[in-house]
Amino acid sequence: MERKIKYAIIGCGSFGGMHIEALLQTKDIEIVGLCDVHKEFAEEKNEKYALNAACFSDYNEMLENIEADIVVVATADHAHKDATVAALKAGFNVMCEKPMALRSDDCREMLLAEKESGKLLMVGQVCRFTPAFVRAKQIVESGILGDIFFAEGEYAHDYATIPGVDKWRMHPDREPILGGGCHSIDLLRWLIGDPVEVTAYSNRMVLKDWPISDATIGIMKWENGTIGKIFTSIGCKRDYTMRTCLYGTKGTLIFDNTSPEMSLYLEKSAEGAPFAGGIIYGNGSERTMAHRIKVEINNHNLPGEHKAFRDAVICGKSLVMTGLEGAKTVAVCSAVIESAKTGNSVKVNYDFGV
Ligand SMILES: NC(=O)c1ccc[n+]([C@@H]2O[C@H](COP(=O)([O-])OP(=O)(O)OC[C@H]3O[C@@H](n4cnc5c(N)ncnc54)[C@H](O)[C@@H]3O)[C@@H](O)[C@H]2O)c1
């Protein structure tokens, strides 16, 4: 029998718990260490899931005392950088939650630590494993939409009742376009490439006691002429959504993370093409045909994310969500934040020196 892959987790709050549940769906893994500054959270999870892991309040102490293949960093966002660098330097592969860090400079430090350690760093931009988004990627790559001339992403999630343990979501550097909007930005980057310039506006009209804006719009352009926008709201009164629209010269695709169907509009002449299976035909306009594509709803496909990382760490397979990809997403978020603060258009700096 092959040996079990050993994990340790730093940050045992709500999403740390979801990581544990995702890992426990795989029989060939073992969770050997749990750490949280509130050690009781680590102990509670240890007991709840009968893990028999060693529990710590200080991750440096944990890193010195455990043997593991992969360390998962699921702390508050502002603690990602130090915990990830410490784990890489201690010789562990690291899966770090999104956003990779709150600043591009922090990402640079993390990428350097990855390079020097010879270990692997993955960032948990989980949208790259969401079924509707994976399907969208296949559709874009098939070319059936033609050239994308406009792309629109949205991250709307009411945070009023979820400030996080010790209110970390209210950290003054955790602008919503970075903390949550990084999902939509990463998704657009993955689907259609890297925007080169952004212009942004922010306001705070709902969460008035928070020290950050609660709504941001970032308008973007791509080298090939595509234009687009990303909207983020953390005060909105509605269900959570990451609605995304891609407008191409031959078709339009509309999808999100919580619906069982995606909408695809194609010129009638392109009708059916490679998507006949699994499509229900609906009414379109005179010149377009509307298609509904059924998809599994799996908003947080953490098992898929962990499998991809294990395949990379253990089998050397290529990784869809590297540390550098996580850093590039932070670079776009940082440009949006700078533009909203200064009122100027900002070119995105993707240079991380690696
Ligand atoms: N991928 C997703 O869709 C998704 C969804 C939710 C949260 N997240 C991310 O997961 C992370 C955790 O979010 P959450 O909802 O579990 O928050 P949470 O507040 O429930 O838990 C965070 C935990 O981290 C602990 N912590 C903070 N600093 C620490 C440190 N230096 N060392 C050890 N523990 C520390 C806190 O005590 C807390 O228990 C965040 O980065 C968040 O952005 C990702």
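**Close-up views of a predicted model**

View 1

**View 2. The largest nonpolar core, with Ile9 and Val71.** This core has 99 residues, and Ile9 and Val71 touch the most other members. Helix α10 (residues 323-342) gives the most to the core, with nine residues. Both domains take part: at least three residues come from each of domain 1 (5-125 + 301-320) and domain 2 (128-299 + 335-342). If you zoom in on Val71, you will find that it touches Ala8, Ile10, Ala87, Phe92 and Val94, leaving out residues up to four places away in sequence. A second, separate core has five residues, including Tyr159, Leu207, Ile212 and Ile234. As background, nonpolar side chains in soluble globular proteins tend to be buried together.

**View 3. Helix α5 and its buried residues.** Buried residues in α5 are Ser104, Asp106, Cys107, Met110, Leu111, Ala113 and Glu114. In an α-helix there are 3.6 residues a turn, so residues three or four places apart point the same way. The buried residues of α5 pack against α4 (80-89), β6 (121-124) and α10. Just after the helix, Gly118 takes a positive phi of about 75 degrees.

**View 4. The cis peptide bond between Lys98 and Pro99.** Here is one for anyone who checks omega angles: Lys98 and Pro99 are joined by a cis peptide bond, with omega about -15 degrees. Pro99 is found in the loop between β5 (93-97) and α5 (104-117).

**View 5. Asn52 and Lys167, two residues with positive phi.** Asn52 is a residue other than glycine, yet its phi is near 60 degrees. You can find Asn52 in the loop between α2 (39-48) and β3 (54-56). Is Asn52 buried or exposed? With 10 other C-beta atoms within 10 Å, Asn52 is exposed. Lys167, also not a glycine, has phi near 60 degrees. Lys167 sits in the loop between β7 (148-156) and α7 (176-179). Lys167 has 10 other C-beta atoms within 10 Å and is therefore exposed, the cut-off being 12 or fewer.

**View 6. Gly146 and its contacts.** Look for Gly146 in the loop between α6 (131-142) and β7. Gly146 is partly exposed, with 15 other C-beta atoms within 10 Å. Which residues is Gly146 in contact with, leaving aside its neighbours within four places in sequence? The contacts are Gly248, Thr249, Lys250 and Gly251. Ala101 lies 45 residues from Gly146 along the chain, and 35 Å separate their C-alpha atoms.

Conventions. Residues are numbered from 1 along each chain as its sequence is written. This is a predicted model: local features need pLDDT of at least 70, side-chain atom pairs count only at pLDDT 80 or more; totals for chains, interfaces and linings use all residues. Helices (H or I, at least four residues) and strands (E, at least two) are DSSP runs, numbered from the N terminus. A residue is buried if 20 or more other C-beta atoms lie within 10 Å of its own, exposed if 12 or fewer, and partly exposed in between; C-beta atoms are placed from the backbone. A nonpolar core is a set of buried Ala, Val, Leu, Ile, Met, Phe, Trp, Tyr and Cys residues joined through C-beta atoms within 7 Å. Domain bounds come from an automatic or database domain assignment. Two residues are in contact if their C-beta atoms, placed from the backbone, lie within 7 Å.
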